[in-house]
Structures are given as structure tokens and as C-alpha cells.
Amino acid sequence: MAGMDVEFNTKNDVIKAYLSRPDDGMRHPGIVVIHEIFGLDDHIRSVADRISREGYVALAPDLFSSHELSAKITREGILESMKFIMSIPPEKQRDDSYRNSLLNSMPEEKRRIMSSTYSALFVNRPTQLLTEYLEYAVDYLKGIGVTSVGSVGFCFGGGMSANLGCTGKVDATVIFYGENPDPIDKVKGMKSVLGLYAGEDHRITSRVPELLAKLIEFSIPVTIKVYPGAYHAFFNDTRPQIYNEAAAKDAWNMMLYFFRTQLGP
């Protein structure tokens, strides 16, 4: 396995990314690995490495690294936003009103540091632009000779994986507790879907029946699994307060089986 930092071009910008690939000189399927709301970090790099060890070329874009977004979503702002989110009890992290009340009670200086980042991540998220970045990530993988392409994303990245799937650019879409595409009819562009959700993540998981119904309506092959007792972000083993080992291991194995059946070894 070989891992390295790379860049790929979009129409008007440049995106930084981490590329991990089997070091055997052979062609393999590619996977776009999409980070959580906190950006490309060591956890997502390790996930890309794990996927690579399974025989895939894994590309993890840093979606906030473009010139356009890096001015709004700063590293300092991400770190402060991460501290803020992690200070909230797991059962309240998806409660918008609770989160906003805490935000309004923060010291002015911390709110200032977070303001543009928090707005871009949680209030006025540029979903269409981010989806375009991911389409260019697929083009990058195809340009280096992968045999087929899938995507997987976590939290924010789960929703972005779904949005990328809606474009028809990937052959297999894995969603870890991500928001549904909006409008939901966009899912007619998807090719195959695996959705993995947390039973205690009510804001996200309560919308899964709507996603499932639309995928069935459009005859899209789909598998959905909900893990009772698990919280949002249960796969992230760097967050011990919400990591669920049993759910994470099962979800990982389901993802690998899905990619092998949809993309090949």
C-alpha cells in the first residue's frame, strides 16, 4: 500500500486530497472517501488506508481546501466548531435548537472565530459546489486508471456521498448516517446504494423511510441497516463517547461486501 498527498483540478479551482492505493502495479476499483464535517483528518486518512488494503484505490478529497471555500471554512474555525460539537452530549448533537442556544451563549471571541465556518458548514452549505468537487474526484480516479468507482462518506460526507451518487458518476454509493438528497427525487440517478444508520440518530434516521421508498420507486438496488442503540458517528473510533465497536465492525464488513459485489475485487 502506498499513500500520498495529491491535488486535482476542478473547472476553476484546485482540491487537495489523500490518495492511498495498493502497491502491486495492478488496476483496481476506486473509492471516493468523503470526510465528516470537520474536514480531511487523520481518521479519514486511516479509513482510506484500510480501504486500500482491501484492494481499492482510495481518494479522500479535502473538500474545504479549494480557494473559494478555504476563505470561509478556516482550519481554526473547524477546530473551534469541532470542540463545540464534541462538548454537546451525544443525544443532543443533532438537536438544532439546543445547539443554537449553546452557540448564542458562547463568548464573543469564540463565536467570531467560528462564525464564517459554522455558517458555511451548518447554515448555508454550498452542496452543489461540493458535489461538483466530488465529480472531479471521480474524474481524477478514472484518469489514473481505476476499473470502476464507488463512494463512501460519513456524517456530512454520508450526505455528500448520496449527492454524488445522484449524479450517476459512481457505480456504488455508501451512506454512513448522512442526510437525504434534497429534493429526494434526485435519487433516480443513483445506481446502487448501501445505507448505514444509527438508531439514536433520530433527525437523520427518521428520514430513511422516505429515502428507501424513493429508491424502490425508481427501482434502485438498495440495502439499509439501522443499528439500535448506536449514536450518530458511531464508526469514528477517535470519538470514544459515541464509537460503537460492534456496529462499526458490522458496518465495515457490510460495506466491503457491497463494494465487492458492485465494483469487483
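Guide: Start with K225, a partly exposed residue with a relative accessible area of 29%. Here buried means under 20% relative accessible area, exposed means over 50%, and partly exposed lies in between (1.4 Å probe, protein chains only). The model is predicted, so local features need pLDDT of at least 70 and side-chain atom pairs count only at pLDDT 80 or more, while totals for chains, interfaces and linings use all residues. Residues are numbered from 1 along each chain as its sequence is written, and side-chain values use heavy atoms, with hydrogens and water left out.

Visitor: Which side chain does K225 meet in a salt bridge?

Guide: First the idea: a salt bridge is a side-chain nitrogen of Lys or Arg within 4 Å of a carboxyl oxygen of Asp or Glu. For K225 the partner is D250, at 2.8 Å from N to O. This pair links distant parts of the chain: K225 sits in strand 8 (residues 222–227) and D250 in helix 10, 25 residues apart. Helices (H or I, at least four residues) and strands (E, at least two) are DSSP runs, numbered from the N terminus. D250 is partly exposed too, at 27% relative accessible area.

Visitor: How many salt bridges does the structure hold?

Guide: Eleven. Take E54 and R260, whose closest N and O atoms are 2.6 Å apart. E54 lies in the loop between helix 1 (42–53) and strand 4 (57–61), R260 lies in helix 10 (residues 245–263), and 206 residues separate them. Both are partly exposed: E54 has a relative accessible area of 30%, and R260 has 40%.

Visitor: Where do R203 and E179 lie?

Guide: They form a salt bridge as well, 3.0 Å from N to O. R203 is in helix 8 (residues 202–205) and E179 in the loop between strand 6 (172–176) and strand 7 (193–198), so their pairing ties together parts 24 residues apart in sequence. Again both ends are partly exposed, R203 at 32% and E179 at 34%.

Visitor: Which residues touch the most other members of the largest nonpolar core?

Guide: A nonpolar core is a set of buried Ala, Val, Leu, Ile, Met, Phe, Trp, Tyr and Cys residues joined through side-chain atoms within 4.5 Å. The largest one has 38 residues, and V32, L59, L63, F64, F84, L130 and L141 touch the most other members. Several elements each supply at least two of its residues, among them strand 1 (2–9), strand 2 (14–21), helix 3 (75–86) and helix 6 (127–143). Helix 6 gives the most, seven residues. A second, separate core has 36 residues, including A48, L196, W252 and F259.

Visitor: With which residues is F64 in contact?

Guide: Contact means heavy atoms within 4.5 Å. Neighbours within four places in sequence are left aside, and the list for F64 then includes H35, F38, I73, L121, L130 and F156.

Visitor: Which residues of helix 9 are buried?

Guide: In helix 9 (residues 208–217) they are V208, L211, K214 and L215. Down the axis, the buried residues of helix 9 fall within an arc of 130°, so they line one face. That arc is taken over the directions from the helix axis to the C-beta atoms. An α-helix has 3.6 residues a turn, so residues three or four places apart point the same way. The buried residues of helix 9 pack against strand 6, strand 7, helix 8 and strand 8. The face turned away from that buried side carries the exposed P209 and I216. After helix 9 comes S219, whose phi is positive, near 60°.

Visitor: With which side chain does the side chain of S52 make a polar contact?

Guide: A polar contact is a pair of N or O atoms within 3.5 Å; within protein, one must be able to donate a hydrogen and the other to accept it, and residues adjacent in sequence count only if both atoms are side-chain atoms. The side chain of S52 makes one with the side chain of S20, at 3.5 Å. S52 lies in helix 1 and is buried at 2%. S52 and S20 are 32 residues apart in sequence, yet 5.8 Å apart in space, C-alpha to C-alpha.

Visitor: Is S161 buried or exposed?

Guide: Buried, at 0% relative accessibility. S161 is in helix 7, and its side chain makes a polar contact with that of S151 at 2.8 Å. Beyond neighbours within four places in sequence, S161 is in contact with I34, S151, V152, G153, T173 and V174.
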